[in-house]
Amino acid sequence: MAEKNRKPNTVQVATELALPVAKELGLEIWEVRFEKEGTEWYLRYYIDKDGLTIEDCEAFSRAIDPVLDEADPIEQHYCLEVSSPGIERRLNTDEHVRRYLGSRVNVRFIRPPEGRSTRSFTGVLAGMDDGRVTLTMDDGDQLVFDRNDAAYIKLFYDFDAEAEDAPDMGGHSK
């Protein structure tokens, strides 16, 4: 049985504090993580908007820092990081998946889906209904799965294709 007066977790509190700051700056909070790496803790805000710049990240960092200092929601020492979710961003919510329907993605499972021998798939997000995702692979085969069964769904970016299409910068062989 869950406790009635359960304390919200660090990510929930950090997200709630950040939402009005992001809105004021015309930004979206894509994801918030509170993670330990080695002996250090990191509070990571991933922000987004069309045409996100390093200046947007800096402005958000400067704006959220005093809010975090005043609220003091984190007991231990931590490093604050602000960045874009990146070109191969994780699609962590149903809303994220719906937004990128028709896009190419990588999906990785903890264990292979039933009837499959591999855990990783690349294809096009073809549908999202009631938490179930439909992925169409290059061969036309479709995989339907619960979004929560995937270890991750990330946008796919073909860096190799971009390198092949890149102009010759002079004097460098591939």
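Predicted model: local features only at pLDDT ≥ 70, side-chain atom pairs only at ≥ 80, totals over all residues.

Mentor: Residues are numbered from 1 along each chain as its sequence is written, and side-chain values use heavy atoms, with hydrogens and water left out.

Trainee: In what pattern do the elements follow one another along the sequence?
Mentor: Helices (H or I, at least four residues) and strands (E, at least two) are DSSP runs, numbered from the N terminus. The chain holds 4 helices and 8 strands. Read along the sequence, their pattern is α-β-β-α-β-α-β-β-β-β-β-α.

Trainee: What is the order of the strands in the open sheet of 3 strands?
Mentor: Two strands pair if DSSP finds at least two bridges between them. Strand E1 (residues 28–37) and E2 pair in the antiparallel sense over 9 bridges, whereas E2 and strand E3 (residues 79–83) run parallel and are joined by 5 bridges. With this mixed pairing, the order is E1-E2-E3.

Trainee: Which strands stand at the edges of that sheet?
Mentor: A strand with a single partner has one side left without a neighbour in the sheet, and therefore stands at an edge. The strands concerned are E1 and E3.

Trainee: Why is strand E2 largely enclosed by the rest of the structure?
Mentor: A residue is buried under 20% relative accessible area, exposed over 50% and partly exposed in between (1.4 Å probe, protein chains only). Across the protein chain of 174 residues, buried residues make up 30%. Strand E2 (residues 40–48) is largely enclosed because the buried residues number 7 of its 9.

Trainee: Which residue in the turn between E1 and E2 has a positive phi?
Mentor: E1 and E2 form a hairpin, with 2 residues between them. In the turn, a positive phi of about 65° belongs to Gly38.

Trainee: Which residue of E3 is the bridge partner of Tyr45?
Mentor: Leu43 stands opposite Leu80 in E3. For Tyr45, the bridge partner in E3 is Val82.

Trainee: At what angle does H2 run to E3?
Mentor: Axes are lines fitted to C-alpha atoms, for helices over the stretch in contact (heavy atoms within 4.5 Å), and angles run from 0 to 180 degrees between N-to-C directions. H2 lies across E1, E2 and E3. Its angle to E3 is about 145°.
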